[in-house]
Amino acid sequence: PPLGTIVCGTIVCGSRRLSIMRVGYAKRFGAHLKKLREDRELSQEALAHAASLHRTHISLIERGQRSVRLETIERLALALHVQPADLMPAIKLPKK
């Protein structure tokens, strides 16, 4: 595949493959989720209950150790009263 292509959760980068998890987006997503949760003075347990998820799932997401499905993003957004896009941390785009 061409360089920079995401293939089954892996970014193809020259002769090396870098896991998306190592790139850090999952950790940044989790940190952003934690900030949104704490800004609303919610515990992990309260957020998990509101989103119909298990508390340990919230913990793993916040630590960047769990990938998030679209359905989970929708549940978290509804529980936090935000749009799904508001859960996403910004990314740096390459200069053209």
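Predicted model: local features only at pLDDT ≥ 70, side-chain atom pairs only at ≥ 80, totals over all residues.
Residues are numbered from 1 along each chain as its sequence is written, and side-chain values use heavy atoms, with hydrogens and water left out.

**Exercise 1.** Classify the packing of helix α2 against α5, and sort the residues of the contact by class.

*Solution.* Step 1: helices are DSSP runs of H or I with at least four residues, numbered from the N terminus. Helix α2 covers residues 25–39, and α5 covers 70–80.

Step 1: axes are lines fitted to C-alpha atoms over the stretch in contact, and angles run from 0 to 180 degrees between N-to-C directions. For α2 and α5 the angle is about 25°, and the axes are 11 Å apart. The pair is therefore roughly parallel (angles under 35 degrees; over 145 is roughly antiparallel, 65 to 115 roughly perpendicular and the rest oblique).

Step 2: α2 and α5 form a left-handed crossing (the near helix is turned anticlockwise from the far one by less than a right angle; clockwise is right-handed).

Step 3: contact means heavy atoms within 4.5 Å. Phe29, Leu33, Leu36 and Arg37 of α2 meet Ile73, Leu76 and Leu80 of α5. By class, the contact of α2 with α5 has 6 nonpolar, no polar and 1 charged (Ala, Val, Leu, Ile, Met, Phe, Trp, Tyr, Cys and Pro are nonpolar, Asp, Glu, Lys and Arg charged, the others, Gly among them, polar).

**Exercise 2.** Are Val68 and His57 buried, partly exposed or exposed?

*Solution.* Step 1: buried means under 20% relative accessible area, exposed over 50%, and partly exposed in between, with a 1.4 Å probe and protein chains only.

Step 1: Val68, in the loop between α4 and α5, has 24% and is therefore partly exposed. Leaving aside neighbours within four places in sequence, Val68 contacts Phe29, Ile61 and Ile73.

Step 2: His57, in helix α4, has 16% and is therefore buried. Not counting residues up to four places away in sequence, His57 touches Arg66 and Thr72.

Terms used:
Helix = DSSP H or I, 4+ residues; strand = E, 2+ residues; numbered from the N terminus.
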